[in-house]
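The sequence and structure are shown below.

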Amino acid sequence: MPSQTFPVNIGIDEASRAKIAEGLSRLLADTYTLYLKTHNFHWNVTGPMFQTLHLLFETQYTELAGAVDLIAERIRALGYPAPGTYSEFAQLSSISESPGVPKATEMIRLLVEGQEAVVRTARSIFPVVDEVNDEPTADLLTQRMQVHEKNAWMLRSLLEE
């Protein structure tokens, strides 16, 4: 539901802003879920690659923590409330939780899947963003896709022998 106190008039109609905000809400949920999973794996990783993975996971969850703020602020700029509860994120996210403590290589595999899921969610928002010339959202989506595609590549490289 958009704010009715003072209407948003940025050159994008309300229906399009609502669609974009809905897509960004899914992106926010995916990003936050991946943040939580990556942070969990940072805490719990063990094995011969401990130091490498512990530091890599920290770098990635730190970047994700900043990203959730950027995504939520874009939703707000479009005139909509950003979701912010675990129950909302669970409903909106395409990334599932990982129960227990997987082995290090399984953690890597799960994080590759999570990184790629975020890319797919970001990419799915582009049609409406392009249609209404929402360049700020397009810029945000492009940046997020670049980060997640690079992270997926780096993680995937660790699985090669």
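## The largest pocket

Fifteen residues, given here as 15, line the largest pocket, and T33, L36, K37, S96 and E97 are the ones nearest its centre. The model is a predicted one. The volume of this pocket is about 300 Å³.

Helix α1 (14–44) and helix α3 (86–92) each contribute at least two residues to the lining of the largest pocket. The greatest contribution comes from α1, with six residues. By residue class, the lining of the largest pocket comprises eight nonpolar, five polar and two charged residues.

## Packing of α1 against α2

The axes of α1 and helix α2 (residues 50–77) come within 8 Å, and they cross at roughly 160°. Because this angle is over 145 degrees, α1 is roughly antiparallel to α2.

The crossing of α1 and α2 is left-handed. In the contact of α1 with α2 there are 17 nonpolar residues, together with seven polar and two charged ones.

## Packing of α1 against α4

The axes of α1 and α4 cross at roughly 170° and come within 9 Å. The two helices, α1 and α4, are therefore roughly antiparallel to each other. The contact of α1 with α4 is formed by 14 nonpolar, nine polar and four charged residues.

## Packing of α4 against α5

Helix α4 (residues 104–131) also packs with helix α5 (residues 135–158), at an angle of about 160° and with the two axes 8 Å apart. That angle makes α4 roughly antiparallel to α5. The crossing of α4 and α5 is left-handed.

From α4, the residues that make the contact are I108, L111, V112, Q115, E116, V118, V119, A122, R123, I125, F126 and V129. From α5, they are T137, A138, L141, T142, M145, H148, E149, N151, A152, L155, R156 and L158. Taken together, the residues of the contact of α4 with α5 are 15 nonpolar, five polar and four charged.

## Summary of the arrangement

Helix α1 is roughly antiparallel to α2, and α1 and α4 are roughly antiparallel to each other. Helix α4 is in turn roughly antiparallel to α5. Helix α1 also gives the most residues to the lining of the largest pocket.

Notes. Residues numbered from 1 in each chain as written. Predicted model: local features only at pLDDT ≥ 70, side-chain atom pairs only at ≥ 80, totals over all residues. Heavy atoms only, no water. Axes fitted to C-alpha atoms, helices over the stretch in contact; angles between N-to-C directions. Helix = DSSP H or I, 4+ residues; strand = E, 2+ residues; numbered from the N terminus. Parallel < 35°, antiparallel > 145°, perpendicular 65-115°, else oblique. Left-handed = near helix turned anticlockwise from the far one by under 90°. Contact = heavy atoms within 4.5 Å. Nonpolar A, V, L, I, M, F, W, Y, C, P; charged D, E, K, R; others polar. 1 Å grid on protein atoms, 1.4 Å probe; cavity = no way out; pocket = protein on both sides within 12 Å on 5 of 7 lines; lining within 4 Å. Points joined across faces, edges and corners; volume = space filled by probe spheres on them.
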